[in-house]
Amino acid sequence: MRIAAYAALVLFGLPVMAAQADDPPVLDSLSSASVGGNWWLITGAVTDEDVGSCTIEFGGAIAGQSTSVTSGGTFSYVVNLPSGGLISAVAVDAALQESNERETLAF
């Protein structure tokens, strides 16, 4: 049936639009590194069809904070953590779909 419908569209010169997948983003990596004193650099990478529209939402020791993802799929965030802790994160795309969750320790 799909082939027949496609052939009919091509035969009559109608434009054929490819379906676009809108899969949830994937949080590929999350890490933390001390940058002096109580300051920590949180970095990671995301994969998505429109990765530049994604945001990172943090949980754990920095719950409620967020940052944006670059068009290259990376992010970085500097935070002051006097007592350290566990940091979790998810990526959220423009369709509000959430990625897998990842965790990193900052001590």
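Let's start with the fold. The protein chain has one helix and seven strands. Read from the N terminus, the order is α-β-β-β-β-β-β-β. Keep in mind that this is a predicted model. The protein chain has 107 residues, and 32% of them count as buried.

Now to strand 6, residues 85-92. Buried or exposed, for the most part? Seven of its eight residues are buried, so strand 6 is largely enclosed by the rest of the structure. Take A89, which lies in strand 6. Its relative accessibility is 1%, and buried means under 20%, so A89 counts as buried.

Which strands does strand 6 pair with? One is strand 3, in the antiparallel sense, over six bridges. Here G60 stands opposite I87 of strand 6. Another is strand 7, residues 102-106. Strand 6 and strand 7 run antiparallel too, joined by five bridges. On that side, L86 stands opposite L105 in strand 7. There is also a distance to note between A89 and T104. In sequence they are 15 residues apart; in space, C-alpha to C-alpha, they are 8.8 Å apart.

Phi of L96 is near 65 degrees, a positive value in a residue other than glycine. And the side of cover: L96 has 67% relative accessibility, over the 50% cut-off, so it counts as exposed.

Next, strand 3, residues 55-60. Besides strand 6, strand 3 pairs with strand 4, residues 66-68. That pairing is antiparallel, with three bridges. E57 stands opposite S66 of strand 4. The two strands form a hairpin, with five residues between them. G64 sits in the turn and has a positive phi of about 90 degrees.

Stay on strand 3 for I56, which has its place there. How accessible is I56? Its relative accessible area is 0%, so I56 is buried. From I56 to V69 is 13 residues in sequence. In space the two are 7.0 Å apart, C-alpha to C-alpha.

Two patches to show you.

The negative one is formed by D22, D23, E49 and D50. Where is E49? In the loop between strand 2, residues 39-47, and strand 3. At 44% relative accessibility, E49 counts as partly exposed. Why partly? Because 44% falls between the 20% and 50% cut-offs.

The nonpolar patch is formed by V35, W39 and V78. Together they have about 280 Å² of accessible area. W39 has its place in strand 2. With a relative accessible area of 40%, W39 is partly exposed.

To recap. Strand 6 is largely enclosed, with strand 3 and strand 7 as antiparallel partners. Strand 3 also forms the hairpin with strand 4.

Methods: Residues numbered from 1 in each chain as written. Predicted model: local features only at pLDDT ≥ 70, side-chain atom pairs only at ≥ 80, totals over all residues. Heavy atoms only, no water. Patch = residues over 30% accessible without salt bridge, like charges linked within 9 Å, V, L, I, M, F, W, Y side chains within 5 Å. Areas by Shrake-Rupley, 256 points an atom, 1.4 Å probe, with all protein chains shown as cover. Salt bridge = Lys/Arg side-chain N within 4 Å of Asp/Glu carboxyl O. Lys, Arg positive; Asp, Glu negative; His and termini not counted. Charge placed at Lys NZ, Arg CZ, Asp CG, Glu CD. Helix = DSSP H or I, 4+ residues; strand = E, 2+ residues; numbered from the N terminus. Buried < 20%, exposed > 50% of the residue type's maximum accessible area, 1.4 Å probe, protein only. Pairing = 2+ DSSP bridges.
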